[in-house]
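Reader: I'd like to go through a few of the labels on this one. Could you show it to me?

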Amino acid sequence: MNWNADCEPGLILIHRFMYSSPELRLAVLQIRTPIIQTKSKKFCKLMVSWIKASGFSRTVLLSSSHAYQRDDQQLLGTPLRYLQTPSMQKVTGDRLKEMEWREMETVSTFPGVTDSEQRLYIPGGGATKGLFTDSCAEDIPLVVVLIFCSEGDNIPDAFTLLNHLNTWLHLVDAPAQMQPKWRIPASWRLLFGSGIPPALF
Amino acid sequence: MATFFGEVLSVYSRAVEEDDEDLDDENEDEQIHRAIEEKREVHIAWCPEVAQSLEGKLQCSELIIAVGTNAAGFLSAYVLNTESWDAVGHASLWNERSRGSSRQSIAPLPGEPACLFYRHRDNPAVLVCQSTCYIAEDQLFQWTEKVFGCLQKRGLSVMVLSDSPVAEYKTPDYLYGSAVPFLRSLKSSASKSQALCPALEQPNILTGLPAAVLSHCQVHQIPAVLYQCYTDVISPDSITMETYKPALLCLSKLVKVSEYIVEQGPKHFCSPLVTAKIKTT
């Protein structure tokens, strides 16, 4: 794996960055900072109306959820989940089920109470639930692909999520039974601080 | 997070909690949220003369923003002490760390953490902002929009001077004490000027007001350059202030600046104006 060639000093990357690839007919919006909680609803509305106005044929939202809040069933098997809006279901049909992807489970609104209503719960997912429910309401073809993960070094989780996505979208070709070679961004360097003082040893 | 030695550290988490929308439906909570939003609003108060000319936007060719006590101290010692500057406004805001600056109409008291604007008498297109108060994350966008909203975008250039603890500087090699303090620069894409110190290396990150200002300039294609000073001293310190000296090269082309000669003495002392001889260039 190589570091991204764009790691020269002085390169400015701000909190939301849009990349596009005309060859792949793909646009990627990278959200690098949390959304201020009081502005979350407004953010979801703006995003959904922008997606609608831009006319994307389908939208994929990559996200995550706290691993420590999984229930007993979720502790078993794959940590990857998906959700799709009804509009997206019309586009993909049962493709994701056929690929044996697991749909995100709902939780009981009142845990322990039988027959209580089920609701969608994505702890640690930020605006994911808001974006998903607004997309359902606005008939946006949207898929959420998320991974259960914990605080810490999330680099392996990022690769797991990306490879999982690639099995569906085939963004990057890879030899059979092997993972694609991804380029690591410069921002992943020194995640745990600077060099260690030699005098420590 | 608990460590091996038993102390509990609060750590910053990248995970973001899900909104609980059910609570927002209640009117009482909405009122509370609105009241909190109003209390946290950023207000920019200009002097009457400037407020009048804000019918159109304020002509400004150079905006210099100092964030932190050492950056502000540098401007005070080298630029603002030439007595050709008028105080023209201040920003008032309230948050958990800046409780004293909620009085909108009254200017902050001397020595109080504040956000002050100065304009050069002979060259009124040059504005200086000294920001020594903490601006919370949810107020940064407002501050930036409101300040830049008063300025004419055409012909505007921005320079930001910002203090940062050296503990936040990431480098693969260990940084020895003698290398500190030091300067690093970052420019917006529209800036064609030559930076006067090495560029900030990846994967270092800017936060706070400098990041908000630079992001705004990047998005709106305003030429901007930031000089970030990494220091191991939290309090005002003359050595740290002197580290910003390369910026004088650009500033001296706009306004008269002072040449500041510091007598030999202890490395860190907190009253630079006491023992300095000031020579005006």
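Author: Here are some questions on a helix and on a threonine, with the terms spelled out. This is a predicted model, where local features need pLDDT of at least 70, side-chain atom pairs count only at pLDDT 80 or more, and totals for chains, interfaces and linings use all residues. Residues are numbered from 1 along each chain as its sequence is written, chains are lettered from A and ligands numbered from 1 in the order in which they are written, and side-chain values use heavy atoms, with hydrogens and water left out.

Reader: How do you know that the span of helix H1 of chain A agrees with its 15 residues?

Author: Helices are DSSP runs of H or I with at least four residues, and the expected span is 1.5 Å times one less than the number of residues. For residues 40-54 that gives 21 Å, and the end C-alpha atoms are 21 Å apart, so the two agree.

Reader: Which residues of H1(A) are buried?

Author: Ser40(A), Phe43(A), Cys44(A), Met47(A), Val48(A) and Ile51(A).

Reader: What makes Thr231(B) buried?

Author: Buried means under 20% relative accessible area, exposed over 50%, partly exposed in between (1.4 Å probe, protein chains only). Thr231(B) has 4%, so it is buried.

Reader: What joins the side chains of Thr231(B) and Thr240(B)?

Author: A polar contact of 2.9 Å. The term takes a pair of N or O atoms within 3.5 Å; within protein, one must be able to donate a hydrogen and the other to accept it, and residues adjacent in sequence count only if both atoms are side-chain atoms.

Note on methods. Helices (H or I, at least four residues) and strands (E, at least two) are DSSP runs, numbered from the N terminus.
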